[in-house]
Amino acid sequence: MKNCLTIIHNKKLELSGDDTKLFTSYFATHGLYFDRIQYVGYDGGEEIKKSLSDMKSGYNNGVIVCPESLIQTVEKYVESLYGAKFTEGHALHTTSGSVFVTDEHLKMNTPESVCGIISKRFKMNYQTAFIKTVGASVGEIEAALKKADSPGILFRVHGMYLEDTIEILFGDMAPKSQVDDVIRTVAGDLKNYIYAMEDVSLAERLYSLLKLRRMRIAVAESFTGGGIAKRLVDVPGISEVFTEGLNTYSNDSKMLRLGVKKETLSRYGAVSSQTAKEMASGLFDAGLCDIAISTTGIAGPKSDGTKKPVGLCYFGVATEGKVEAFEHHLSGDRKTITETAINKALFLAYQTIK
């Protein structure tokens, strides 16, 4: 099965890369692959006729995007070309395929409806493979997908706060070896950021790993305000591995609940690697967990009265015989910094015990 996309546009208004992507990505991300994409000026009657004739002779299915004012004229010509009539839904069906006409804003024949009709007619079922990451930059993800690009296999990426879901879409006809190569390439380039190869949340994946390792986790939070604990307790069955979550926001709480030294706070401040380590070790020493995670930082919108910048944060990790601290500089508003830090902390716990 072969598909063709024909875009009829005003040549005086040159299509930019973003404009081109607008037309193609809408269809691609819904599981429809185009073997050919052709652009035609709407003031070139003969050129339009030739493009539509080429579409008929070489492709099963065609999608025509044109100004709303030209739809009636285009449909009339296509009907004479194919010897068939368009339905009220601006779709024409023959024994070998279908032709769809839509306007520049894709108000008619949406990507979902077009893909649904083609998939049903040709008995196509798209499957999806997942790669879940934390911390990979946009550039790193784009480079990995470009390297893995393969005919008939589509990518969709979405996420927030440095946690991303990469969806790899492929049809029933795609060879398993081709799909495996694509997945292997993407996973290989992003291996340092991956926490799952299935559609599960970061907290769910951490829970499964803790259960597998027969380990218990506890968290002591400051600027994340109990967000890590909330993510964990949202997972069904988490009581098997999660023992406690302390929201030690003030310095007094850090000292009283976690044993952070007053001298440490005076000399280095609450937002420091030293404080993060003492928070994690104090929690671990209580004997209720096998891994303890701590967070301390400045979420903004203003600093804490020191010269330390908004977005500076530290994560402490304590396990048997080992305590470490990790420094990060996050950007964005208060919510973005906090939510990103929660993802960082959960991923750090996952990396520590995987």
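This is a predicted model: local features need pLDDT of at least 70, side-chain atom pairs count only at pLDDT 80 or more; totals for chains, interfaces and linings use all residues.
User: Let's start with the open sheet. What is the order of its five strands?

Analyst: The order is β2-β1-β3-β5-β4, and the pairing is mixed.

User: Which strands stand at the edges?

Analyst: β2 (36-41) and β4 (91-93) do. Each has a single partner strand, so one side of each is left without a neighbour in the sheet. On average, neighbouring strands of this sheet are turned by 15° against each other, direction ignored.

User: How do β1 and β3 pair, parallel or antiparallel?

Analyst: Strand β1 (residues 3-9) and strand β3 (residues 61-66) pair in the parallel sense, over five bridges. Asn 3 stands opposite Asn 61 in β3.

User: Which strands does helix α3 touch?

Analyst: Helix α3 (residues 71-82) packs on the sheet and touches β1, β3, β4 and β5. The direction of α3 makes about 170° with that of β5.

User: And where does α2 lie?

Analyst: Helix α2 (residues 45-58) lies across β1, β2, β3 and β5 (98-103). It runs at about 165° to β2.

User: What span should α2 have?

Analyst: With 14 residues at 1.5 Å a residue, α2 should span 20 Å. Its end C-alpha atoms are 20 Å apart, which agrees.

User: Which residues of α2 are buried?

Analyst: Ile 48, Ser 51, Leu 52 and Met 55 are buried in α2. They cover an arc of only 95° around the axis, which puts them on the same side of α2. What covers them includes β1, β2, β3, α3 and β5.

User: What about the face turned away from that buried side?

Analyst: That face of α2 carries the exposed residues Glu 46, Lys 50 and Ser 57.

User: Another helix, then. Which residues are buried in α6?

Analyst: In α6, the buried residues are Gln 178, Val 179, Val 182, Ile 183, Val 186 and Ala 187. Seen down the axis of α6, they fall within an arc of 160°, so they line one face of the helix.

User: How far apart are the end C-alpha atoms of α6?

Analyst: They are 20 Å apart.

User: Now β13. How many of its residues are buried?

Analyst: Eight of the eight residues of strand β13 (residues 312-319) are buried.

User: Which way do they point?

Analyst: Leu 312, Tyr 314, Gly 316 and Ala 318 point one way from β13, while Cys 313, Phe 315, Val 317 and Thr 319 point the other way. In a regular strand, side chains alternate between the two faces of the sheet.

User: How does β13 pair with β12 and β14?

Analyst: β13 pairs with strand β12 (residues 291-297) in the antiparallel sense over six bridges. With strand β14 (residues 322-329), β13 also pairs in the antiparallel sense, over eight bridges. Val 317 of β13 is the bridge partner of Ile 293, and in β14 the bridge partner of Val 317 is Glu 324.

User: What sits in the hairpin of β13 and β14?

Analyst: There are two residues between the strands, and Gly 321 takes a positive phi near 75°.

User: Changing topic: how many salt bridges are there?

Analyst: The count comes to 15 salt bridges. One of them joins Glu 68 and Lys 107, with the closest N and O atoms 3.8 Å apart. Glu 68 lies in the loop between β3 and α3 and Lys 107 in the loop between β5 and α4 (111-121), so the pair ties together parts 39 residues apart in sequence.

User: Are those two buried or exposed?

Analyst: Both Glu 68 and Lys 107 are exposed.

User: What does Asp 290 meet in a salt bridge?

Analyst: The side chain of Asp 290 meets that of Arg 216, at 3.6 Å from N to O. Asp 290 is in the loop between α11 (273-284) and β12, Arg 216 is in the loop between α7 (202-213) and β10 (217-221), and they are 74 residues apart. Asp 290 counts as partly exposed at 28% relative accessibility, and Arg 216 is partly exposed with a relative accessible area of 32%.

User: And which residue does Lys 322 form a salt bridge with?

Analyst: Lys 322 forms a salt bridge with Glu 324, the closest N and O atoms being 3.6 Å apart. Lys 322 is partly exposed, with a relative accessible area of 46%. Glu 324 also counts as partly exposed, at 31% relative accessibility.

User: Which residues are linked in a network?

Analyst: Arg 231, Lys 335 and Glu 339 are linked in a network of salt bridges.

Technical notes
Residues are numbered from 1 along each chain as its sequence is written. Side-chain values use heavy atoms; hydrogens and water are left out. Buried means under 20% relative accessible area, exposed over 50%, partly exposed in between (1.4 Å probe, protein chains only). Helices (H or I, at least four residues) and strands (E, at least two) are DSSP runs, numbered from the N terminus. Two strands pair if DSSP finds at least two bridges between them. The expected span of a helix is 1.5 Å times one less than its number of residues. The arc is that of the directions from the helix axis to the C-beta atoms. Axes are lines fitted to C-alpha atoms, for helices over the stretch in contact, and angles run from 0 to 180 degrees between N-to-C directions. Contact means heavy atoms within 4.5 Å. A salt bridge is a side-chain nitrogen of Lys or Arg within 4 Å of a carboxyl oxygen of Asp or Glu.
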